[in-house]
Amino acid sequence: MSEKRRDRKNRILCTGESQEADGRYKFRYVDANGKRKSVYSWRLVATDPIPSGKRDNPPLREQEKVINRDLDDMIMPDGGGYTVLQLTKKYIAQKTGVEHTTRAGYGTVINLLTKDPFGAKRIDKVRLSDAKEWLIRLQQVDGKS
């Protein structure tokens, strides 16, 4: 029978966890796109001290919980590489039983996003403030017409 993997403090490491030679902990997993990813932390659990001169980030086990929750909920990492325009088209394609006038309004939004640089932004890089700014710009253009 094989021995369980342990860290330098003799704690049992879970599947995907390892400890690097410099003392950092690493968790390897396969994301929703099928790509192998890794996250690192100087601490395995919240009670571990941070080595002096090292940056503080969440403990590895907390990062694992977030990653596993996202994988279970089928949340695409990094927005799946979608742009605002692509995600809008996908959303509109899933709408069924919509009136003709509403469908025409969706077409207008698609046309606006096609022409505007905001539509080409990756969805994981967009902040709420960016979207609000875009809407304000649209209102100002409509007000001048």
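Colleague: How far apart are the mean positions of the positive and negative charges in the protein?
Modeller: The 30 positive and the 20 negative charges have mean positions 3 Å apart, where Lys and Arg count as positive, Asp and Glu count as negative, and His and the chain ends are not counted. Each charge is placed at NZ of Lys, CZ of Arg, CG of Asp or CD of Glu. This is a predicted model, in which local features need pLDDT of at least 70 and side-chain atom pairs count only at pLDDT 80 or more, while totals for chains, interfaces and linings use all residues. Residues are numbered from 1 along each chain as its sequence is written, and side-chain values use heavy atoms, with hydrogens and water left out.

Colleague: Which elements are there, and in what order do they run?
Modeller: The protein has 4 helices and 3 strands, and from the N terminus the order is β-β-β-α-α-α-α. Helices (H or I, at least four residues) and strands (E, at least two) are DSSP runs, numbered from the N terminus.

Colleague: How much of the protein counts as buried?
Modeller: Of the 145 residues, 23% count as buried, with buried meaning under 20% relative accessible area, exposed over 50%, and partly exposed in between (1.4 Å probe, protein chains only).

Colleague: Let's switch to Arg-43. Is Arg-43 buried or exposed?
Modeller: Arg-43 counts as buried, at 12% relative accessibility, and its place is in the loop between strand E3 (36-41) and helix H1 (60-72).

Colleague: What does the side chain of Arg-43 make a polar contact with?
Modeller: The partner is the side chain of Asp-56, at 3.3 Å. A polar contact is a pair of N or O atoms within 3.5 Å; within protein, one must be able to donate a hydrogen and the other to accept it, and residues adjacent in sequence count only if both atoms are side-chain atoms. Leaving aside residues up to four places away in sequence, Arg-43 touches several others, including Tyr-25, Ile-50 and Pro-58, where contact means heavy atoms within 4.5 Å.

Colleague: Where does Pro-58 lie, then?
Modeller: Pro-58 is also found in the loop between E3 and H1, and is partly exposed, with a relative accessible area of 43%. With residues up to four places away in sequence not counted, Pro-58 touches Ser-41, Arg-43 and Gln-63. The C-alpha atoms of Pro-58 and Ser-41 are 7.0 Å apart, although 17 residues separate them along the chain.

Colleague: What about Gln-86, what does its side chain reach?
Modeller: The side chain of Gln-86 reaches the backbone nitrogen of Thr-83 at 2.9 Å. Gln-86 sits in helix H2 (residues 84-93) and is partly exposed at 40% relative accessibility.

Colleague: Last one: what is the phi of Asn-10?
Modeller: Asn-10 has a positive phi of about 70 degrees, although it is not a glycine. Most residues other than glycine have a negative phi. Asn-10 lies in the segment before strand E1 (17-19) and counts as exposed, at 51% relative accessibility.
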